[in-house]
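Good morning, everyone. Please look at the sequence and the model on the screen, and I will walk through them one part at a time.

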Amino acid sequence: MTRNPFVHLPELEGHLTPVHASGLRLTDEVLAEWDAQARCQGLPAHWRLPDCDVERSRREVLAGLAAHEDLWVFAYGSLVWNPGFHFDEVRRASLSGFARRFALSTTTGRGPPGRPGLVLTLQSAASQCQGL
C-alpha cells in the first residue's frame, strides 16, 4: 500500500514539480553542461568533487542512520516547490537560529561571468527559517 506523502499538507498535492520534470536533478547531462561552463570560465578540469567523494559522503551520512530510521531533508528554498528527488512524506518545518539569505553567488548553472546568479543559503540569525 502506497502512503500519500501529502497526508499532512493536502493543499500541496499537485503543486510540487514532479521528479521527472525537475530542473534541479543532477543528471549526467546537467553536470556535463556545468563542466562546459566551468571550462569556459577558466576553472580547472576537476573543479567539483569527484563522484567517488560524493558517494563516500552519501554512504557516511546514511551509515549514521539506524536500519529503519528515516532521513529528513529540510527544504527552505527551491526544494520547497521543486524537490528534485522522491520523498515519502512532507511536513511543515521550522529551523531555529537560521534565516534564508541570498548570500552565495555562482556563475556555474546560475549566471554568466560578470553577472553571477545568487543562491539561497542558510545563515545564523536570531530568527527562524520556515520550510518543509
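**Overview**

The protein has 132 residues, and 20% of them count as buried. Before going on, note that this is a predicted model, and what I quote has been computed from it. The C-alpha atoms fill a box of roughly 50 × 35 × 30 Å, taken along the principal axes. The secondary structure comes to 3 helices and 2 strands. Starting at the N terminus, the order of the elements is α-α-α-β-β.

**Helix 1**

Let me begin with helix 1, which covers residues 28-40. Does the span of helix 1 agree or disagree with its 13 residues? At 1.5 Å a residue, helix 1 should span 18 Å, and its end C-alpha atoms are 18 Å apart, so the two agree.

Next, which residues of helix 1 are buried? They are Leu 31, Asp 35 and Ala 38. These residues cover an arc of only 60 degrees around the axis, and therefore they sit on the same side of helix 1. On the face turned away from that buried side, helix 1 carries the exposed residues Glu 29 and Cys 40. After helix 1 comes Gly 42, and its phi is positive, near 85 degrees.

Now to charged side chains. Side chains of opposite charge can pair when their charged atoms come close. How many salt bridges does the structure hold? It holds 9, and I will go through some of them.

Take Glu 55 to start with. Glu 55 forms a salt bridge with Arg 58, with the closest N and O atoms 2.5 Å apart. Glu 55 also forms a salt bridge with Arg 59, and there the closest N and O atoms are 2.9 Å apart. Why are Glu 55 and Arg 58 separated by about one helical turn? Because they are 3 residues apart in helix 2. Glu 55 and Arg 59 are 4 residues apart in helix 2, so about one helical turn separates them too.

How open are these side chains? Glu 55 has 28% relative accessibility, so it counts as partly exposed. Arg 58, at 41%, counts as partly exposed. Arg 59 is at 53%, and because exposed means over 50%, Arg 59 counts as exposed.

Arg 56 and Glu 60 lie 4 residues apart, about one turn of the helix. Arg 56 counts as partly exposed at 48% relative accessibility, while Glu 60 counts as exposed at 52%.

**Pockets**

Now the empty space. Rolling a probe the size of a water molecule over the atoms shows where empty space is left.

The largest pocket has a volume of about 1600 Å³. It is lined by 42 residues, and those closest to its centre are Leu 24, Val 73, Leu 79, Pro 83 and Phe 85. The elements giving two or more residues to this lining are helix 1, helix 2 (51-63), helix 3 (78-81), strand 1 (93-106) and strand 2 (117-131). Which element gives the largest share of the lining? That is helix 2, with 6 residues. By class, the lining of the largest pocket has 25 nonpolar, 8 polar and 9 charged residues.

The second largest pocket has a volume of about 170 Å³. Pro 5, Phe 6, Gly 14, Leu 16, Thr 17, Pro 18, Val 19, His 86 and Phe 87 line it. By class, this second lining has 6 nonpolar, 3 polar and no charged residues.

I will finish with Phe 98, which lies in strand 1. Is Phe 98 buried, partly exposed or exposed? With a relative accessible area of 30%, Phe 98 is partly exposed. Phe 98 and Val 7 are 91 residues apart in sequence, and their C-alpha atoms are 27 Å apart in space.

That is the end of my part. Thank you.

Terms used:
Residues numbered from 1 in each chain as written. Predicted model: local features only at pLDDT ≥ 70, side-chain atom pairs only at ≥ 80, totals over all residues. Heavy atoms only, no water. 1 Å grid on protein atoms, 1.4 Å probe; cavity = no way out; pocket = protein on both sides within 12 Å on 5 of 7 lines; lining within 4 Å. Points joined across faces, edges and corners; volume = space filled by probe spheres on them. Nonpolar A, V, L, I, M, F, W, Y, C, P; charged D, E, K, R; others polar. Expected span 1.5 Å × (residues − 1). Buried < 20%, exposed > 50% of the residue type's maximum accessible area, 1.4 Å probe, protein only. Arc of directions from axis to C-beta. Salt bridge = Lys/Arg side-chain N within 4 Å of Asp/Glu carboxyl O.
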